[in-house]
Amino acid sequence: MLMCLAIPAKILSLQGEKAQVDFGQGVLRDVNVSLVEAKLGDYVLVHAGYAIQILEEKEALETLSLWNDVLASTGE
Amino acid sequence: MSANLRFRNPELAQNIAKKIREVAPKKGQVKICHVCGTHEWTITHFGLRSLLPENVEVIAGPGCPVCIVPAAEIDEAVLLAKQGQVITCFGDLLRVPGSESSLLEAKAAGADVRIVYALSDAVEMAKKEPEKDFVFHAVGFETTAPITAVEALGDLPKNFSFLVSHRLIPPAMELLLGVGDLEIDGFLAPGHVSAIIGLKPYELFTRVYRMPTVVAGFEPNDVLMAIYMVVKQHSENDAKLENEYSRVVKPEGNKKAQEMIEKAFEVVAGNWRGIGRLPDSALQLRESLAQYDARKKYGVKVEQGKDILLGCECHLVIIGKIKPKECPMFLKACTPAKPVGACMVSSEGTCRVWAKNVAANSP
Ligand code: SF4
């Protein structure tokens, strides 16, 4: 296991500090969400069985558009 | 998240690499240091070094939390195991050498050592087996420390305690800047540590040391983009703190996690394998949680251990001074199947990552 690794997963159900999440391709697991204010349907970053942050889709798209801007700029 | 695929797109990678070549200086070397085992994995696995111009070098600092646990603290775990406590830990820790023995060797000799996937699994075990005493060996940087904090502050059974070996990343980065001939020109800051601590702890590096510092994500294009940002700053003689990984890292970090860490731990000096003692670089459970501190509960404290075996160069690999292939034992006497040093044991250790991706690194 990579100790700094955290994997995105989607929250399917919430019950107190426990949530069932989907890592994609039908891999479901229970994780602890007491470190984040997550809602149903949010993507969270899961590290060693605990959600450590919420992933922002808006920010993800902004990052990509920033990259496109950089790449479109002409080199000096 | 369909956007995810873009973070790996090879065509985009080529374009970013082209941009790096454009902004790279014509003369002189740019040396960029990361401090994260997962960054090394991404860089090595996807062969990113081969995309960089010759004078842009990326080196791996002390980013493997398992590798830097000093032998003395493994010795403490082994001692507890031999005394009859059940030791629980993540799989990577099992084979990390102590002074005399690893946890795996202790297990082979009859001790009860169990691998868990999550800390909560260890707590569950303790609840199910109240007649036994459980100790979780808590290893990891700021990404992992809040998890220990959550459980330590939560509803723990009496037969559970922690052997805490958590360490903090910024002090290790600062140490690297003091290593004489290392001459780092910029940092890639670890994304998932930053997700917890935010950007503020890195301000020191730009302000005091004038180090370009970019928080980077873990997809290949994240890392390339962050390298581009550092090289560009370097060429423009700039020293800014930038956040490439804003989809995860908020400027303030994860406040809730920070509060948990603050509540559960105090910051103390700590030993790092291959590095030595660093001030304000380790976490220790607060006095109010002393009953969950295995060192206090069982009176176990090993001061001195044997960190580096004769011939192993882990102490130089850990600070990015040499590459694994410069160690004479690499892939000869020391292999993933028969590791000699901690850097070959952990899946995040630089030697291990290189061993698994030899082809990607032989120029
Ligand atoms: S290759 Fe093995 S012996 Fe050499 S530095 Fe790495 S872990 Fe140590």
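Guide: One term comes up at once: a salt bridge is a side-chain nitrogen of Lys or Arg within 4 Å of a carboxyl oxygen of Asp or Glu. This is a predicted model, in which local features need pLDDT of at least 70 and side-chain atom pairs count only at pLDDT 80 or more, while totals for chains, interfaces and linings use all residues; side-chain values use heavy atoms, with hydrogens and water left out. Residues are numbered from 1 along each chain as its sequence is written, and chains are lettered from A and ligands numbered from 1 in the order in which they are written.

Visitor: How many salt bridges does the rule find across the interface of chain B and chain A?
Guide: The rule finds one. B:Lys256 pairs with A:Glu37, and their closest N and O atoms are 3.7 Å apart.

Visitor: Which helix gives the largest share of chain B's side?
Guide: That is helix H2 of chain B, residues 10–23, with five residues. Helices (H or I, at least four residues) and strands (E, at least two) are DSSP runs, numbered from the N terminus.

Visitor: And how many residues are in contact?
Guide: On chain B, 52 residues are in contact with 37 residues of chain A, where contact means heavy atoms within 4.5 Å. The two chains bury about 4000 Å² between them, 65% of it on carbon and sulfur atoms; buried area is the accessible area (1.4 Å probe) that two parts lose on being put together, summed over both.

Visitor: Changing topic, what surrounds the ligand?
Guide: The surrounding residues include B:Cys312, B:Cys314, B:Cys327, B:Cys334 and B:Cys351, as well as B:Glu313 and B:Gly341. A residue counts here if one of its heavy atoms lies within 4 Å of the ligand.

Visitor: Now the strands: how do E10 and E11 of chain B run?
Guide: Strand E10 (residues 265–272) and strand E11 (residues 276–285) of chain B run antiparallel, joined by seven bridges; two strands pair if DSSP finds at least two bridges between them. The hairpin has three residues between the strands, and B:Gly274 in the hairpin takes a positive phi near 80°.

Visitor: What about phi at B:Asp280?
Guide: B:Asp280, in strand E11 of chain B, has a positive phi of about 50° although it is not a glycine. Most residues other than glycine have a negative phi. B:Leu331 also has a positive phi, near 60°, and is found in the loop between helix H14 (314–318) and helix H15 (342–345) of chain B.
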